[in-house]
Amino acid sequence: MDAILIQLLNGLDKGAAYALIALGLTLAFGTLGIVNFAHGALFMLGAFCAVSFQKILTISKKVKDESITFFDAYKEQPYLEIWWGDTGTAIIDYAVPLSIIMAIPVMLLIGFIMERGLIRHFYKRSHAEQILVTFGLAIIIQEVIRHFFGANPIPTPAPDVVSGSAAVGAFFGLNENLVYPWWRLIYLVFSAAIILAVFAFLKFTTFGMVVRAGMADRETVGLLGINIQKRFTIVFAIAALVAGLAGVMYAPILPPDYHMGMDFLVLSFVVVVVGGMGSLPGAVAAGFLLGVLQSFASMTEVSSLFPGIDQIIIYLVAVVILLVRPRGLMGREGVFED
Amino acid sequence: MMKNLIKSNTVIMLIFAAVVLTAPMWTAPIGANYPDLLQKFAIFGIFAVGYNILFGLTGYLSFGHAAFLGIGSYTAVWSFKLLTMNVVPAIILAVIVSGIFALIIGYLSLRRSGIYFSILTLAFAQMAYSLAYSVLTPITNGETGLQLEQQDPRIIDSMFGVVVTDGLPSTNLFGTLMSGYSGFYVAAAFLIFAFYISLKIFRSPFGMKLLAIKSNQTRMKYTGFNTKPYLLTAFIISGMYAGLAGGLLASIDPLAGAERMQWTASGEVVLMTIMGGVGTLIGPLLGAGIIKYLENIFSALNKSELTEIFSFMPEWLQTIVVNISNVFVGEGWHLTLGALFMLIVIFLPGGVMEGVTKIKDFILGIFGKGEDNRTAEIEGEAK
Amino acid sequence: MSNILEIKGVNKTFGGLHALQDVNLQIEEGETHAIIGPNGAGKSTLLNCCIGRLIPDNGSVTFNGKNMIGMEAHDINHAGMVRVFQTPEIFPELTLLENVMIPALAKRDGTFKFNPFKSLLKETAIHEEAMATLADFNLDRFHDHHAGSMSRGDKRRLELAMGLIQHPTLLLLDEPTAGMARHDTNATIDLLKSGKMGEMTKVIIEHDMHVVFSLADRISVLARGHIIATGTPEEIKNDPKVKEAYLGEQEDE
């Protein structure tokens, strides 16, 4: 029972990342008709927003290390600490959550540039070409990141206060010693909030209404005389932002490296297809479902029965669903058939 | 297509064989005339030519063909371990086994079309990749990769009394070692054969039907064709080509690793095909050559060499140029690859072959010979 | 005369909409049968039910004594029922010659044949037949043009050629002259009346009354999913129910 709870939480965490990326992918498909293989790169860029923000905050000056008295020793001390003392230290400690402030404009800008500069010119071209050009872009983004940040994962810790673990066991009336990292729980809540925000935005704003109408029938909305172009840009920027925020918050869970985007992209694509292309609730549901399945498959009880199942469970489920229910869990008929 | 038929197959094959077999000579001026690289040209050429039979003729974009390459490699190495160090059985088995896998994966994936097909092939390839690293370790030897060992059984070899006492045995073709130029010539022979098959397919009713499926699949069904078996056959053939390429890779360097099956490797063959020209006969081969050549050059360069190359520039300019170009070389080769990928898809979706046609038309246009009968007739009609 | 196609009690609903209600129709061998009716009367739905694109909710479609319902499109084609589409469904990237060779190959090779080592150059019989068919439609001059580059009228004629080369027992024509200029329409009428085309059993869906009355041996009128009348052109002209149906539509417009 304890193990199941932990695996469930792990699965939900992973699933939340899949769901957020898949959400953006689906928004881009559904409204813009774009198959974006660079979407994983946006997630990765989000994570590197956290990394760079942390680096910026910890820009340091070489100062004499006073604690060592018998010879002249020097240490790096961040300017923030020099200027503001303990406040500075606290700010550095909160680098990850604070980097959201930076990530929002950065990701919106990246999304804006991507749509205006590249994606827009591919609306009318085949899906194969869309896949290929965004695949090329994804490679470029990840290689640029590697050039500047190196190939190794960069630890990006969560704030001290939440670096410990929560007594989830006690909370659920199970084993008292059962604990789960605070940050992961925060991540889960954060993801849920983002997902709800996106859905609320689509449901309750005029803009969202147009977007939903566009997903249902793109041509008709175009005929209504609504400026689709501008809205497309905004939708794409939002999709980029959602992926980016997912990346920022995931940084403390998985130290970011340059190829995390590709790793998540393939899985998220599978998630989208399982959920049903063009279905937002489908994407979210499939994200969590596959995350949890993957997590349970990695339990020793399961993997001793079916060795290696944790490695392939997602693909296996995807293949089965696509063959049995060709349009995915919640997909509509005729979407992206060609 | 009918127009091309005027050129006879024999003539084309003779020219092709001559060009391929003399490659060690004409690649000398561009510094590509060493065996390792030439072998890569030939092997990846086979891979791309085969991939083109699927993507070029039917338009189905598979993102999982590297899996068949990997399967071919593993099969070949097992043949070296269990049967004989002769490459012939290894390559035959590689083609057969990858063909069987292509049958299964193709049968399932082709139940869907468009992007769903791409994702299904991707999912299958990723499964193969993950399995090779985990459960299938007894077969694939996991991260280390499958290698030869001195105490391998090699049943056929030992029947003929070939005993290896010192170090690892070498792969051979009835005694000729597969290293160096002889390795290249074996690969080249397979390339010529593979190209011939592809030429025949392109110019057969079968090939024309595949093109028609790409053009309008619905119409094909109402015209009386069951399109599924056509697509599946094309898928299996291209899978077997990939298996052949994999088997050859293992024949030249008897080592098989799972990284060959990763989806980015599948992406590379797509790029080769697009780069040269999807659906053209020779394009994919050109694409494979260009990419392997550029990879060879770019990944070998480093900062000091760049400094030397740009030494003719004034110092301030040199520093800037070196620093910028340094991003694209060495480990940054993948960045160049990505950039190439984008440039080709954006500006030249027909690949190098389209570029060649455009240049040809342009030159003919200058000399006033560009008006072929077709345009003249259409203009006549308009009047 | 025997019935070549028999449609009995066919119903088809989309959601709550009755597209076809208890449709009965017999096509006799050798006749040219026109199906007319106001927009949305269910003409295309009826055609789609015949060729396997749609499956009727109930009723039967019997062609040459064989039940067609549930059959795959390619099998229906080989049974001898061939459809010519309203919007040209051609192979735009292929040449005109290849466009016509494909259906000829279908006729010869069946639903699937693996012959990757046969050269197209050696397909002289198919090649000649295709050229002759193109010539029938005055398209042979353009045989090496890409079909996608042709004018709309030429595409329509190419479609007819693609249908004809399969020597179907029954040819279903979905508005063969829609969007054509008057003189093209007349040329098409002549084409459909003369030669091999003239002898063939045809079902034509058409809006243009000029075309219908020039071609049809018999006419059926479809309105709101019902067949309201079937008869010779003369009978249809004087049928009060038909007048009502058409006048009703005109008021709507």
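1. Two residues are in contact here if their C-beta atoms, placed from the backbone, lie within 7 Å. The model is predicted. On that cut-off, 33 residues of chain A meet 36 residues of chain B.

2. Which elements of chain A supply that contact? At least two residues each come from α6 (127-149), α12 and α15 (309-324) of chain A. The largest share is from α6(A), with 14 residues. By class, the side of chain A that touches chain B has 24 nonpolar, five polar and four charged residues.

3. Chain B also touches chain C. Here 30 residues of chain B are in contact with 33 residues of chain C. Five elements of chain B give two or more residues each to this side: α9 (180-202), α10 (205-215), α11 (217-222), α12 (227-252) and α19 (373-382). Of these, α10(B) gives the most, with eight residues.

4. Now a helix pair inside chain A. Helix α12 (residues 260-275) and helix α13 (residues 280-297) of chain A pack with their axes 8 Å apart, at an angle of about 120°. The crossing of α12(A) past α13(A) is right-handed.

5. Which residues make this packing? From α12(A) come Val271(A), Val272(A), Val274(A) and Gly275(A). They meet Gly282(A), Ala283(A), Ala285(A), Ala286(A), Gly287(A) and Leu290(A) in α13(A). The contact holds seven nonpolar and three polar residues, and no charged ones. Gly counts as polar in this scheme. Recall that α12(A) also supplies residues to the side of chain A that touches chain B.

6. Helix α8 (residues 182-204) of chain A passes a length check. It has 23 residues, so at 1.5 Å a residue it should span 33 Å. The expected span uses one less than the number of residues. The end C-alpha atoms of α8(A) are 32 Å apart, which agrees.

7. Which residues of α8(A) are buried? They are Trp183(A), Arg184(A), Tyr187(A), Phe190(A), Ser191(A), Ile195(A) and Val198(A). The cover over these residues includes α1 (2-32), β4 (180-181), α11 (228-250) and α13 of chain A.

Terms used: Residues are numbered from 1 along each chain as its sequence is written. Chains are lettered from A and ligands numbered from 1 in the order in which they are written. This is a predicted model: local features need pLDDT of at least 70, side-chain atom pairs count only at pLDDT 80 or more; totals for chains, interfaces and linings use all residues. Helices (H or I, at least four residues) and strands (E, at least two) are DSSP runs, numbered from the N terminus. Axes are lines fitted to C-alpha atoms, for helices over the stretch in contact, and angles run from 0 to 180 degrees between N-to-C directions. A crossing is left-handed if the near helix is turned anticlockwise from the far one by less than a right angle, and right-handed if clockwise. A residue is buried if 20 or more other C-beta atoms lie within 10 Å of its own, exposed if 12 or fewer, and partly exposed in between; C-beta atoms are placed from the backbone.
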